[in-house]
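Hi everyone, thanks for coming. I'd like to walk you through one structure today, so let me put it on the screen.

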Amino acid sequence: MSRRTGTSDISSVVHIHLTFVLTSLNFCSVFLLLKVIDGKLAPFLSKVIKFASSHVFSCSLCREKGFICELCQNRQVIYPFQENVTRRCDGCGAVFHAECRQKAQPCPRCVRRELHHKRPSSFWSPDDDNPGCFYLPYQDT
């Protein structure tokens with residue numbers, strides 16, 4: 001284990017391979033083709049996914065990029081890469097538990113965004129129906 005990062009030597013090897021693969025497109029094609037032919041691509045990608053997932057769960061900065069399912073309000077942080085248990089909204093990108101998302105149509109975040117865009121935010125917001133005019137909320141008293 002490395003003292004600074006707390007990661008094992010395999011993570012540095014995976015990181016070196018990934019960096020090289022992602023920065024050299026020509027090599028990437030040959031590298032991946034050879035891995036496919038040797039039957040080693042799936043195990044290699046499994047190691048990469050395992051390493052990346054473990055990093056996200058243990059890194060305080062990456063953990064903050066997670067989501068809370070606003071449908072069930074469970075405080076457990078969820079991530080889009082947890083494809084077995086989460087679903088991502090195609091419209092806004094919010095992440096929900098798969099079961100919660102299946103029960104809720106439409107997406108609550110999309111609904112909020114749509115409502116926000118439909119109503120003027122203040123008196124100084126232009127009135128789309130009457131150009132040059134502003135919206136003035138009025139209550140009959």
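Let's start with Glu 70, which counts as partly exposed at 27% relative accessibility; that class sits between buried, under 20% relative accessible area, and exposed, over 50%, using a 1.4 Å probe and protein chains only. Before going on, some housekeeping: this is a predicted model, where local features need pLDDT of at least 70, side-chain atom pairs count only at pLDDT 80 or more, and totals for chains, interfaces and linings use all residues. Residues are numbered from 1 along each chain as its sequence is written, and side-chain values use heavy atoms, with hydrogens and water left out.

So what does Glu 70 pair with in a salt bridge? The partner is Arg 112, at 2.6 Å from N to O. The rule here is a side-chain nitrogen of Lys or Arg within 4 Å of a carboxyl oxygen of Asp or Glu, and by that rule the count comes to one salt bridge. The pair links distant parts of the chain, 42 residues apart: Arg 112 belongs to helix H6 (residues 108–118), while Glu 70 is in the loop between helix H4 (60–63) and strand S1 (86–88). Arg 112 is partly exposed too, with a relative accessible area of 44%.

Now zoom out. The chain has six helices and two strands, in the order α-α-α-α-β-β-α-α. Those elements are DSSP runs numbered from the N terminus, with helices being H or I of at least four residues and strands being E of at least two. Of the 141 residues in the chain, 21% are buried.

Back to that loop between H4 and S1, where we also find Gln 73 and Asn 74. Gln 73 has a phi near 60 degrees, a positive value in a residue other than glycine. Most residues other than glycine have a negative phi. Gln 73 is partly exposed, at 47% relative accessibility, and Asn 74 is as well, at 34%. The side chain of Asn 74 reaches the backbone nitrogen of Gln 76 at 2.8 Å. Asn 74 also touches Ile 68, Cys 69 and His 97, leaving out residues up to four places away in sequence; contact means heavy atoms within 4.5 Å. For His 97, the C-alpha to C-alpha distance from Asn 74 is 9.5 Å, across 23 residues of sequence.

Cys 69 brings us to the largest nonpolar core, which has nine residues, among them Cys 69, Ile 78, Ala 94 and Phe 96. A core here is a set of buried Ala, Val, Leu, Ile, Met, Phe, Trp, Tyr and Cys residues joined through side-chain atoms within 4.5 Å. Beyond four places in sequence, Ala 94 touches Phe 67, Arg 87, Arg 88, Cys 89 and Arg 109.

Last stop, helix H3. Which residues of H3 are buried? They are Leu 41, Phe 44, Val 48, Ser 53 and Val 56.

Definitions and conventions:
Polar contact = N/O pair within 3.5 Å; in protein donor to acceptor, adjacent residues only side chain to side chain.
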